[in-house]
Structure formats: structure tokens, C-alpha cells
Amino acid sequence: MATDEQRKKLLTLVWGHRLFDDGDVVAAAENGCLRVECPGYAAELSEEGSAPERSAPDFVNGAVRYGDTVLYGAVRVDTCSSQWREGGRMNEAAFDSVMFHVVGRRDRVLVRNGREVRTLVLTPAPELDGLYEQLLDEAAGKEGKGCVGFFGALEGVEQGQILARLVADRLRRKVAETNAIHRSLGGDWDETAYVCYLRSLGMGDRKRSYEALARSVPLRCFVRCGGDVRQAEALLMGQSGYLTVASADDPAVRQLQDIYLALKKEYGLRRPVVSWQGAGVRPTSLPVSMLAQAAALLARMPLLAERLREAASGGMQALRELFGRPEAGITSEKVDLRIINFVIPFLTAMGRTAGDAGLQERALALYEEVAPEKNKYTRFWAEAVDFRSASDSQAVIQLCTEYCARQRCAECPIGTLRMVRLWKTLRPFRRK
């Protein structure tokens, strides 16, 4: 059963794509002929690529005809009319442009600025309701392959358009994260590259641990290492807490402990609160090996920003030479992950900030030069998607993690298309 928020998303989808007949929309407190001339245009996405804030209309420039009169204005959508009031923001100035309140149920008469809110009750077709519940069930269940089969049956052009939108969504979010870090570091691109690089070593919640570690050791500490890998290792492993639990019987560990304690005192460092625990982590992916690899890179070139820009001009070969050290256990797959999760978002953010279209284009082109990732998401979608590059795998990861896992079926490009296609088959029969 859909939640209130999921019902709101369904109503937003049905209204925005006009998946209704005139008889499905009723003016709650007015008589006469009503016709939706234009449902309006969806409000712009936030920088993170998410839905507009709740303190803004859902659609702008809507038009509804009442008899001979056409009224124009913004549209707010809610599951029931009381939700707008209960949110505590109904009287904010951001809603002054709202002319129509579209709801699934009118459970309260709302008054704003001394006037009754013009409420439209929208009732989606039962078949759309049924498909929506099916989509939510499929998203929640691991065995659900309805969207896989639907997507696989689409024309190649349609598939390409959907995948392009998904990968753009994913890159938008990553660029927004990079920009947020850049602002927090006072606009220093070298510091940003350093923090983003360490952050890219982790997956899921571990990203925050790696970021906290990076922020606890200023970049200048690695600059002052002067290429000494042991100092860089001591800084990262000591700040991460590994040296406090490692065996003191190992001479190499004792040496790192001594180096770390001296550097910690010299730089006045404080250890962050981080956790590296996680089930099912392979030995080669444990943070200790990742930190050793990161230390080697930061020791030889702590100032990454310009090096990345220069390497991007040389294409994949230059980037692989920048990150790849097979003797240190850095495989081509790991290098590709650094390019996907760090280099492309970072260079795109830098290019947009500087207004450098060429740098942005070079960053985007890297998606097509990197091999597709292999994980549980790509395996699940393998029968429907021909994975040719990282662009395809990133699109599917975005689909699975940001839409399916969160049951955002009414916002998903595939879920939306399934609803639209169903409506096109229903509409001729409903008009008879």
C-alpha cells in the first residue's frame, strides 16, 4: 500500500503528464464546466537533482478553464488538502503564485490570504492506481523484473534516452557533492581534489568515514612530507585508528607508530571518529590497503587538481598512468573506479565553475572510455541492457539505488513511461 508521500508522487505524475480525462478532475467548491487547459510545467530541480523543496509550487504556468473564464497560475499537489496546512508553510510568500491546489481527497477547507483555496480533486484511473501499486511491489521485491522486461522491449533510441537521463542524474548529484566540498574548503581546488579523492575510496556509508579522515589531516601535511611515503602512510593509518590496534610486535608497525606520534604532535592533529567495519568486505578492499595506496599517491603528488586537468587532456592512458601502479595492487578495475567516482565529477565541477566547456566535454567523454562496472545491479539488468561502457553501468546503478531502492517509481523514467503507455491504451476505451 502506497504511503501518503507516494500517493502525492502518483498524483503529481498523473497531473503533470495529463493522464486523466476532464471528468477525473472536479472543482471542490464551484459549479459549471471545468477543463484543464494546461497542467503547467514542473518546477526546476534543485542542484542535487532532487524534487523541488516543499516550500515551492510543484508546477508553474498552469491553466484551468471555468466556463468561459481561463485562470492561470502555479499548482500545488498533495494527497489530501490538509497536508498543505499541516506542513506549516502554507502562508509562505513562495506560495503566492499558487492558483490551484490539486488533491486526491479534500478533507479540509483551506483559506489563504483571506480567500478560500481553489481546490481540484483528481481521481486517477483505477488501472493507473493498480499499475502504480505493482511498480512499488516490484521495486520492493528482489524478484520483480517487470521493469527489466519492459525496458528490454523498448526501441534502442528510447533505451538510449532513458540511460542518458539516468547517467546525467547521477553525475548531477556527484557534481553537487563536489561543489559542496569545494565551498566548505574556501574554494581551494587542490584541497577539494584531495578530500574528494579520499572520499571516492569508500562505498556507501564509508564515504563519510574517508571524508572525515581527509578533513582531519590538512593537505599541507602531505606537501611537507616531501615525497616520503612512510610519513604519508603514518598520517593516514594513524588518523584512521589502525595503528592503535595493530600488532606492536611488527617492526614496520612500530616505526609507523613512532612517525605518526611525532607528526601528530608537530601538526596538532586530532583523530576523527570513523568506523571501518562492514560485513562482506574482501581483504583486498580493506581500508588498510586502500590507505596505503592513497598514501603512495599523495606522497608523490599531493596537489592533484592541475595534474588531473593535464592528464584528462591526454585521455584514458594518461589517467591510468596517474593512478595505476600494478605492483602496489592497483588493478585497472580500481583505476576505472577512481575515474568514475572521482575524476569525472571533479573535472566536471571544476569546468562548470570556471566556465570551461572543453574540460567538461573531456570529463564526460571519459564515461565512454571506461569499461562498465560489474556488480549486483548490472547482473540483474544484464538481460535488458547491453553494457558497453561506464555510462551504461552508472545509469543502471542510478536507477537501482536512487529509484528502485527508494520506491520512487512515479519519478523514475521507466516507471513514468510504463504509466504513460498504459494510459495511451486506456484512453480510447474510456472515451467511448
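1. Two strands are taken to pair if DSSP finds at least two bridges between them; strands (E, at least two residues) and helices (H or I, at least four) are DSSP runs, numbered from the N terminus. In this predicted model, β6 and β9 run parallel and are joined by three bridges, and Val-102 has Leu-120 as its bridge partner in β9. Strand β5 (residues 69-80) is likewise parallel to β6 (residues 98-105), with six bridges between them. Within that pairing, Phe-100 of β6 is the bridge partner of Val-75.

2. On conventions, the model is predicted, and local features need pLDDT of at least 70, side-chain atom pairs count only at pLDDT 80 or more, and totals for chains, interfaces and linings use all residues. Residues are numbered from 1 along each chain as its sequence is written, and side-chain values use heavy atoms, with hydrogens and water left out.

3. Thr-119 belongs to strand β9 (residues 119-122). Thr-119 counts as buried because its relative accessibility is 5%, where buried means under 20% relative accessible area, exposed over 50% and partly exposed in between (1.4 Å probe, protein chains only). Beyond its neighbours within four places in sequence, Thr-119 is in contact (heavy atoms within 4.5 Å) with Val-26, Ala-27, Ala-28, His-101, Val-103 and Arg-106.

4. The largest nonpolar core contains 120 residues, and those with the most contacts inside it are Trp-15, Leu-120, Leu-308, Phe-342 and Trp-381. Such a core is a set of buried Ala, Val, Leu, Ile, Met, Phe, Trp, Tyr and Cys residues joined through side-chain atoms within 4.5 Å. Helix α15 (residues 332-354) gives the most to this core, with 10 residues. Once neighbours within four places in sequence are set aside, the contacts of Phe-342 include Ala-193, Tyr-197, Leu-304, Leu-308 and Phe-323. A second, separate core has seven residues, among them Ala-74, Trp-84, Val-98 and Leu-110.

5. Helix α9 (residues 229-240) is largely enclosed by the rest of the structure, because nine of its 12 residues are buried. Among those buried residues are Glu-233, Leu-235, Leu-236, Met-237 and Gln-239. Their cover includes α6 (189-199), α7 (206-216), α8 (219-223), α10 (242-245), α11 (251-267) and α12 (287-300).

6. The geometry of α9 is consistent with its length: at 1.5 Å a residue, its 12 residues should span 16 Å, and its end C-alpha atoms are 16 Å apart. The expected span is 1.5 Å times one less than the number of residues. At the N-terminal end, Asp-228 caps α9, with a side-chain oxygen 2.9 Å from the backbone nitrogen of Arg-230. Just after α9, Gly-241 takes a positive phi of about 100°.

7. The count of disulfides (pairs of cysteine sulfur atoms within 2.5 Å) is zero. For Cys-147, the closest cysteine sulfur is in Cys-412, and at 6.1 Å it is too far for a bond. Cys-404 is in no disulfide either, the nearest cysteine sulfur being that of Cys-400, 5.0 Å away. Cys-147 is buried, with a relative accessible area of 18%, whereas Cys-404 counts as partly exposed at 24% relative accessibility.

8. Gln-407 lies in the loop between α18 (390-404) and α19 (413-430) and, at 26% relative accessibility, counts as partly exposed. Gln-407 and Ala-140 are 267 residues apart in sequence but 6.8 Å apart in space, C-alpha to C-alpha. The side chain of Gln-407 also reaches the backbone oxygen of Leu-136 at 2.9 Å.

Notes
A polar contact is a pair of N or O atoms within 3.5 Å; within protein, one must be able to donate a hydrogen and the other to accept it, and residues adjacent in sequence count only if both atoms are side-chain atoms.
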